[in-house]
Amino acid sequence: AVIGRAGAMAAAAMVAVAGGGDFSDLREIKKQLLSVAERSRERGLQHSGKWAAELAFALEPLPLSELPPPPVLTEEDARDLDAYTLAKSYFDLKEYDRAAYFLRGCKSQKAYFLYMYSRYLSGEKKKDDETVDSLGPLEKGQVKNEALRELRVELSKKHKAQELDGFGLYLYGVVLRKLDLVKEAIDVFVEAAHVLPLHWGAWLELCNLITDKEMLKFLSLPDTWMKEFFLAHIYTELQLIEEALQKYQSLIDAGFSKSTYIISQIAVAYHNIRDIDKALSIFNELRKQDPYRIENMDTFSNLLYVRSMKPELSYLAHNLCEIDKYRVETCCVIGNYYSLRSQHEKAALYFQRALKLNPRYLGAWTLMGHEYMEMKNTSAAIQAYRHAIEVNKRDYRAWYGLGQTYEILKMPFYCLYYYRRAHQLRPNDSRMLVALGECYEKLNQLVEAKKCYWRAYAVGDVEKMALVKLAKLHEQLNESEQAAQCYIKYIQDIYSCGEVVEHLEVSTAFRYLAQYYFKCKLWDEASACAQKCCAFNDTREEGKALLRQILQLRNQGETSSTDVAAPFFLPASLSANNTPTRRVSPLNLSSVTP
């Protein structure tokens, strides 16, 4: 009971410190951050300590008179001080069993936490070592952390007796999550956030367990400024990027403009909505501010990979290698570099190395799945994607990857399931919609397929393929007017971008439109489209043949049909002379070599 009271008093003090969701007193916030950074480090919670320290660094320095006082020691702290000091030195050297041995019987909150945490980490380390030994890294899953059940029993007794402080609750939540008791874990993390709102680790764990916005609504979270950081983070995770960016902007305005954490999160948010140029420029800025940073550099390398920026990716890989060769992010960057050079076996090797360093590293599982796909090893790819989903059910890339593997295996019903899951996670990503449409097409559900393609076009088609696929569907169904409409829109889209993305499909569109206008006896339009066909290798002969036919018919006195108007759907800007090609004519197609 003494522990309970002491813990409750300390917790009450921290809640008082953290109260109110406003940022008017940045000095007070800085004090709180410095205080919790120190308390986290004392308990071996390095990442939470680092997060608080980084955030504190972004605020103005405090004068000596305002620095937070050292934490008050209780009678129990004094009794346990020698054991704690010894054990903490062992803990820092990763000798977890040894640390736990010397902390047996300690009663103070800090020493008890370190005792339990040492036992937990000892179990995790043994599990990871076993996983690495059995690692062809795909038969994981059988290995368990043996300490979890005992820890749960002991911590639940303390929890019932209300003897756990904020850090203890956090550890209890982690143990429950590891045992897949998700609902109980969420409740405990929420309680931990109430008792100790400044501990970022509890908020972050909560982030990993919330799967949708609905779930978020039902959580009763403490009203503190930390909640703003949590909401910004969870919005990014749930792909609610606009809301996330608004939150981060308001945090910058509140006074955290120098925070490298916020800058990196904004870059990740832009990466998630595929605003690649914006994300790249923010990452470059971040590297100037924090040149030895390794966190998030794997995301940066994904962007460089997508843009095929070989020299930049090579430089990044070499640079990270010099800083720390044995970090998961470094291995992923090198893997991406080899993947871009089409050396897929080497790339897979580096992703495996990343997983040996941290078997719970999500990005590496997904990327390894992609490499196995490139190597046509579908069963290994499926395994890798499944592991990625085990680590994080919100990873849409893994769901999408599974869809692709089952597509290769010609199993459309499986495909459909996985693409649907990917689409639920990224409702506005055209790639998922196009993949779903293709699936429906294979299953002969053409109405559904049409809906998917149209929606993909409506949300902003990244790969500019949705309209072509929709047009081909209309062609199949003999809906020639709708097909022509889609091709016209497609051509306008392609040329409004100022680049011809896929010559093959552009030529297909012109060929179809030339034949369509020819059937409608609109000779001018037909010959304009046929001339465009001549600019492409695959349609050149057909274009010439059509032009000859039109010339022949004109010589025979066939007039252009006036009773068949150009399709009703032509935009007003084009209807002056009823040709869809006038708007795009400024772009000289003859200069583009297909």
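A salt bridge is defined here as a side-chain nitrogen of Lys or Arg within 4 Å of a carboxyl oxygen of Asp or Glu. The model is predicted, so that local features need pLDDT of at least 70 and side-chain atom pairs count only at pLDDT 80 or more, while totals for chains, interfaces and linings use all residues. Residues are numbered from 1 along each chain as its sequence is written, and side-chain values use heavy atoms, with hydrogens and water left out.

**View 1. A positive surface patch comprising Lys-144, Arg-149, Arg-152 and Lys-160.** Patch residues have over 30% relative accessible area and no salt bridge, and like charges are joined within 9 Å. Lys and Arg count as positive, each charge being placed at NZ of Lys or CZ of Arg. Accessible areas come from the Shrake-Rupley method with a 1.4 Å probe, and for residues only the protein chains shown count as cover. Arg-149 belongs to helix α7 (residues 148–160); helices are DSSP runs (H or I) of at least four residues, numbered from the N terminus. With a relative accessible area of 63%, Arg-149 is exposed (buried means under 20%, exposed over 50%, and partly exposed in between).

**View 2. The salt bridge between Arg-41 and Glu-38.** The closest N and O atoms of this pair are 3.1 Å apart. Both residues lie in helix α2 (residues 26–42), where a spacing of 3 residues separates them by about one helical turn. Arg-41 is partly exposed at 35% relative accessible area, and Glu-38 is likewise partly exposed at 35%.

**View 3. The salt bridge between Glu-205 and Arg-177.** The N to O distance is 2.6 Å. Glu-205 is in helix α10 (residues 200–209) and Arg-177 in helix α8 (residues 166–178), so the contact ties together parts that are 28 residues apart in sequence. Glu-205 is buried, with 11% relative accessibility, whereas Arg-177 is partly exposed, with 24%.

**View 4. The salt bridge between Glu-542 and Arg-511.** Here the closest N and O atoms are 3.0 Å apart. Distant parts of the chain are linked by this pair: Glu-542 stands in helix α30 (residues 540–555) and Arg-511 in helix α28 (residues 503–519), 31 residues apart. Glu-542 is partly exposed at 38% relative accessibility, and Arg-511 is partly exposed at 24%.

**View 5. A network of Glu-124, Lys-127, Lys-178 and Arg-360.** These residues are joined by salt bridges that share partners. The count of salt bridges comes to 32.

Note on methods: Patches are made of residues with over 30% relative accessible area and no salt bridge: like charges are joined within 9 Å, nonpolar side chains (Val, Leu, Ile, Met, Phe, Trp, Tyr) within 5 Å. Helices (H or I, at least four residues) and strands (E, at least two) are DSSP runs, numbered from the N terminus. Buried means under 20% relative accessible area, exposed over 50%, partly exposed in between (1.4 Å probe, protein chains only).
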